[in-house]
Amino acid sequence: MSGVLVFVPCSPERALALSDGESFASCQAFAVTPSLLRALDLTPADDEDAEYGCMLLASVWGLAQYGTRLVLVAEVPQGQVGEGDDADNGGVRVSGLRLGHLQSFFTDEAGQSLVAEASRAVEGLGLDEAWETDEVQQLMRGTSLLWHSVEELARLGKDV
């Protein structure tokens with residue numbers, strides 16, 4: 001499929017529902033957009049750095065909204081992507097997301113104390129505010145998100 005690569009912050013419960021065959025009518029995501037490239041001072045040739053930036057932004061958004069850094073990576077048709085919250089940071093809205101769109105997902109290792117501390121510090125904050133907190137900066141320096149295959153999504157409830 002040739003489409004738009006999106007990074008979808010997600011709660012573990014919603015991710016499990018997706019793995020059980022449900023679809024998301026609409027969800028917040030992050031993608032490499034001209035606004036994101038400007039915000040990160042990158043060019044279209046910096047695609048890997050821009051995608052990594054999207055993943056990190058999605059993880060912090062998810063931390064503030066859901067208390068966890070769980071990011072689904074999906075490729076969706078262009079027609080399913082519209083403007084979302086945090087557009088200056090690459091925020092987009094994705095409609096009709098389903099399991100077949102997923103390529104992988106990223107999350108923290110279970111039981112990370114830095115994640116719990118950062119989650120408490122940013123609960124309910126907007127992306128820009130959350131990004132600037134000392135706890136999030138410590139989290140980003142102290143831990144890396146772990147890559148998982150889509151097949152592992154069904155085990156998520158046991159591991160997160």
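Figure 1. Tryptophan 61 is buried, with a relative accessible area of 11%. The model shown here and in the following figures is predicted. Across the whole structure, a search finds 2 aromatic pairs. In one of them, the ring centres of phenylalanine 30 and tryptophan 61 lie 6.5 Å apart with their planes at 65°, so this pair is edge-to-face. Phenylalanine 30 belongs to strand β2 (residues 24-30) and tryptophan 61 to helix α3 (residues 47-66), so the pair ties together parts that are 31 residues apart in sequence. Both phenylalanine 30 and tryptophan 61 are buried. Tryptophan 61 also forms an edge-to-face aromatic pair with tyrosine 66, at 6.1 Å centre to centre and 70° between the planes. Tyrosine 66 has a relative accessible area of 33% and is partly exposed. Phe30, Trp61 and Tyr66 form one aromatic cluster.

**Figure 2. Packing of helix α4 against helix α6.** Helix α4 comprises residues 113-122 and helix α6 residues 134-142; the two pack at an angle of about 155°, with their axes 8 Å apart. An angle over 145 degrees counts as roughly antiparallel, and α4 and α6 are therefore roughly antiparallel to each other. Their crossing is left-handed. On the α4 side, the contact is made by Leu114, Val115, Glu117, Ala118, Ala121 and Val122. Helix α6 contributes Glu135, Val136, Gln138, Leu139 and Gly142 to this contact. By class, the residues of the contact of α4 with α6 divide into 7 nonpolar, 2 polar and 2 charged.

**Figure 3. Packing of helix α3 against helix α6.** The angle between α3 and α6 is about 130°, and their axes are 12 Å apart. The two helices are therefore oblique to each other. Helix α3 passes α6 in a right-handed crossing. From α3, Leu56, Val60 and Leu63 meet Val136, Leu139 and Met140 of α6. The residues of this contact of α3 with α6 divide into 6 nonpolar, no polar and no charged. Val136 and Leu139 of α6 take part in this contact, and Val136 and Leu139 also belong to the contact of α4 with α6.

Figure 4. Serine 59 is placed in helix α3. Its relative accessibility is 0%, and serine 59 therefore counts as buried. Leaving aside residues up to four places away in sequence, serine 59 touches Thr68, Arg69, Val71 and Leu145.

**Figure 5. Aspartate 47 of helix α3 and its separation from aspartate 128.** Aspartate 47 is found in helix α3. With a relative accessibility of 41%, aspartate 47 counts as partly exposed. Aspartate 47 and aspartate 128 are 81 residues apart in sequence, and their C-alpha atoms are 22 Å apart in space.

**Figure 6. Two loop aspartates with positive phi.** Most residues other than glycine have a negative phi. Aspartate 41, in contrast, has a positive phi, near 55°. This residue is found in the loop between α2 (34-39) and α3. At 70% relative accessibility, aspartate 41 counts as exposed. Aspartate 86 likewise has a positive phi, near 60°. Its position is the loop between β4 (81-83) and β5 (91-97). Aspartate 86 counts as partly exposed, at 25% relative accessibility.

Figure 7. Helix α1 spans residues 12-19, and its buried residues are Pro12, Ala15, Ala17, Leu18 and Ser19.

Notes. Residues numbered from 1 in each chain as written. Predicted model: local features only at pLDDT ≥ 70, side-chain atom pairs only at ≥ 80, totals over all residues. Heavy atoms only, no water. Axes fitted to C-alpha atoms, helices over the stretch in contact; angles between N-to-C directions. Helix = DSSP H or I, 4+ residues; strand = E, 2+ residues; numbered from the N terminus. Parallel < 35°, antiparallel > 145°, perpendicular 65-115°, else oblique. Left-handed = near helix turned anticlockwise from the far one by under 90°. Contact = heavy atoms within 4.5 Å. Nonpolar A, V, L, I, M, F, W, Y, C, P; charged D, E, K, R; others polar. Phe/Tyr/Trp six-rings, centres within 6.5 Å; stacked < 30°, edge-to-face > 60°. Buried < 20%, exposed > 50% of the residue type's maximum accessible area, 1.4 Å probe, protein only.
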